[in-house]
Amino acid sequence: MRSVSDGPYVDLRSDTVTKPTPAMRRAMADAEVGDDWFGDDPTVNRLQERLAELTGREAALYLPTGTMCNQVAMHVFARSGHLVVSEESAHTCGVEASSSAVLSGIAFRRVRAASRGLLTAAQVAAALEPDPYDVTRVDLVTIENTHQVGGGAAMPVADVRAIHAVCADRGVPLYLDGARLFNACTVTGAKVSEYAAEVDALMVCLSKGLGAPIGSLLAGDAEFIREARRLRVVFGGAWRQAGIMAAAGLIALEEGPRRLADDHANARRLAEGVADILPGSLDPADVQTNILFADVTSTGRPVSAWVSAMAACGVLVSTVAGQVRMVTHRDIGPWEIDTALDAWRRVAEELTTR
Ligand SMILES: Cc1ncc(COP(=O)(O)O)c(C=O)c1O
């Protein structure tokens, strides 16, 4: 059995697998740095100021991971024992539910979206109905855009605005997990600032489609960021000469968004090919951004068999929500899509004829 270190693989497991570009590596080597715990790393400060500018929010804070952004934000807004409303397959309440329980004593009111992970204002309104017994308290609503388990579905600004209006009416803040917000902007044509204006706070990841090796940022008003900065120390995420990473992050932030349309086109072509090879496994029309899921259950073979057989053909895919997940990114071009489709053909022949 091959292993990843034997490479080269076509790696479609996630958009987090990209390697830093030569320009990023040069910027990292030359980065001007300071001790970010004290707030005096000039490159980190530049990155934070740039995101604050792009989002139109008062301030931003650079953190090692998207998970830490979500955890810090939820801790700011929600008290222990209180509820956070999230779509049931969202990163906040799926992958990170234990973190929230341990770090903040948060429980979730999970809402199942009717379509592709995207909550509606009506669903949020129902989730915020006051408890007639005055026992439960909802402190926060979170949304995810694009929605990862929803197949990279993008929520239009108007829908975020409608959810925000419901939240504001009930006096509950709205937080946006925008790990892939720039992908959403590429599809909807909206600016990041238009989304940012409709929420109380948000995060974006630099380490996903934008291609930085590490790093995510929170953005919001000055008071939110002041408290998030304090919690960053509490949660062990206050780093030192982080400017080395922020230098690559600045390049990702400036240059990354421009090429996301290519990732989306590659994902669509991959989806069309997979739909031809295994009819019914997915609908290419659902593929709006860089994430696609193929449902292989009708073949009677476990998803793990597909993942292993694809790997044996040199193509890495992952399993999420019982399906084969593939994610396009900067290191995937037309040749990699052809190679992946070739692997799909071989694996489909092998697994559906035995
Ligand atoms: C939607 C979403 N939010 C948050 C995260 C967490 O980001 P990180 O892996 O940087 O902790 C991920 C990771 O894949 C994600 O897909």
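Helices (H or I, at least four residues) and strands (E, at least two) are taken here as DSSP runs, numbered from the N terminus. The structure is a predicted model, in which local features need pLDDT of at least 70 and side-chain atom pairs count only at pLDDT 80 or more, while totals for chains, interfaces and linings use all residues. Residues are numbered from 1 along each chain as its sequence is written, and side-chain values use heavy atoms, with hydrogens and water left out.

We may begin with the ligand. A residue is counted as near a molecule or strand if one of its heavy atoms lies within 4 Å of it. The ligand is surrounded by 13 residues, and the closest are Gly-66, Thr-67, Asp-177, Arg-180 and Lys-208. Among the elements, helix H3 (residues 66–77) gives the most to this shell, with three residues. By class, the shell holds two nonpolar, six polar and five charged residues; here Ala, Val, Leu, Ile, Met, Phe, Trp, Tyr, Cys and Pro count as nonpolar, Asp, Glu, Lys and Arg as charged, and the others, Gly among them, as polar.

Polar contacts come next. The term stands for a pair of N or O atoms within 3.5 Å; within protein, one must be able to donate a hydrogen and the other to accept it, and residues adjacent in sequence count only if both atoms are side-chain atoms. A side-chain N or O atom of Thr-67 is 2.6 Å from an oxygen atom of the ligand. For Arg-180, a polar side-chain atom lies 2.9 Å from a ligand oxygen atom, and in Lys-208 a side-chain N or O atom is 2.9 Å from an oxygen atom of the ligand. Taken alone the ligand exposes 390 Å², and the protein buries 83% of that. Accessible areas come from the Shrake-Rupley method with a 1.4 Å probe, and for residues only the protein chains shown count as cover.

Strands of a sheet pair through backbone hydrogen bonds, either parallel or antiparallel, and two strands are said to pair if DSSP finds at least two bridges between them. Strand E2 (residues 59–63) runs antiparallel to E8 and is joined to it by five bridges; Ala-59 stands opposite Gly-220 in E8. Strand E7 (residues 201–205) is also antiparallel to E8, again with five bridges, and Met-203 has Leu-218 as its bridge partner in E8.

Another sheet is open and has three strands in the order E9-E12-E11, with antiparallel pairing. Strand E9 (291–294) and strand E11 (318–320) stand at the edges with a single partner strand each, so one side of each is left without a neighbour in the sheet. On average, neighbouring strands of this sheet are turned by 40° against each other, direction ignored; the axes are lines fitted to C-alpha atoms, for helices over the stretch in contact, and angles run from 0 to 180 degrees between N-to-C directions. Three bridges pair E11 with strand E12 (residues 323–327) in the antiparallel sense, and Ser-318 stands opposite Arg-325 in E12. The loop between E11 and E12 holds Ala-321, which has a positive phi of about 50° although it is not a glycine. Ala-321 is exposed, at a relative accessible area of 60%.

Thr-142 belongs to strand E5 (residues 138–144) and is buried, with a relative accessible area of 2%. The Thr-142 side chain makes a polar contact of 2.6 Å with that of Ser-86 and one of 3.4 Å with that of Thr-92. His-264, in helix H11 (residues 260–277), counts as buried at 8% relative accessibility, and a polar contact of 3.0 Å joins the side chains of His-264 and Asn-183.

Asp-134, in the loop between helix H5 (121–127) and E5, has a positive phi of about 55° although it is not a glycine. Asp-134 is exposed, with a relative accessible area of 52%. Asn-145 and Thr-146 are joined by a cis peptide bond with omega of about -5°, and Thr-146 lies in the loop between E5 and helix H6 (157–170).

How values were computed. Buried < 20%, exposed > 50% of the residue type's maximum accessible area, 1.4 Å probe, protein only.
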